[in-house]
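Try each task before you read its solution.

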Amino acid sequence: MLTRLGMWAETLALTSPWTNVYGVARTVLALATAATIITSSTETLFRPALGFPGVPACVGAGRLSFFCLIPREDLALGQAIAAGRG
């Protein structure tokens with residue numbers, strides 16, 4: 001029993017988890033994000049939410065995001081830069 005478990009653990013340790021499936025998944029996520037940024041208006045992307053004083057919500061680690069580093073009046077410019085159109 002333990003020998004079989006040890007062989008299974010050795011096989012698992014030698015198998016790389018980084019297959020092409022991860023690359024495809026990352027590409028799909030990147031394309032979906034780009035499509036959202038390109039096709040959505042600034043008013044849609046930065047809609048006020050209950051409990052947050054302003055948009056974008058720059059709290060915690062989110063303060064380091066691209067849209068929190070630019071002034072609020074330049075969100076449209078930031079959106080164009082993020083979409084690669086700026």
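Predicted model: local features only at pLDDT ≥ 70, side-chain atom pairs only at ≥ 80, totals over all residues.

Residues are numbered from 1 along each chain as its sequence is written, and side-chain values use heavy atoms, with hydrogens and water left out.

**Exercise 1.** Classify the ring pair of Phe46 and Phe67.

Solution. Begin with the rule: rings of Phe, Tyr and Trp (its six-membered ring) pair if their centres lie within 6.5 Å, and planes under 30 degrees apart count as stacked, over 60 as edge-to-face and the rest as tilted. Here the centres of Phe46 and Phe67 are 5.0 Å apart with planes at 65°, so the pair is edge-to-face. Next, widen the view: ring pairs join Phe46, Phe66 and Phe67 in a cluster.

**Exercise 2.** Find the disulfide and say how exposed its cysteines are.

Solution. First apply the cut-off (a pair of cysteine sulfur atoms within 2.5 Å). Cys58 and Cys68 are joined, S to S 2.0 Å. The link is left-handed, with -100° about the S-S bond. Now check accessibility (buried is under 20% relative accessible area, exposed over 50%, partly exposed in between; 1.4 Å probe, protein chains only). Cys58 is partly exposed at 28%, while Cys68 is buried at 18%.

**Exercise 3.** Which residues does Thr42 contact, leaving aside its neighbours within four places in sequence?

Solution. Take contact as heavy atoms within 4.5 Å. Thr42 then touches Leu75, Ala76 and Gln79, those neighbours left aside. Finally, Thr42 is buried, with a relative accessible area of 18%.
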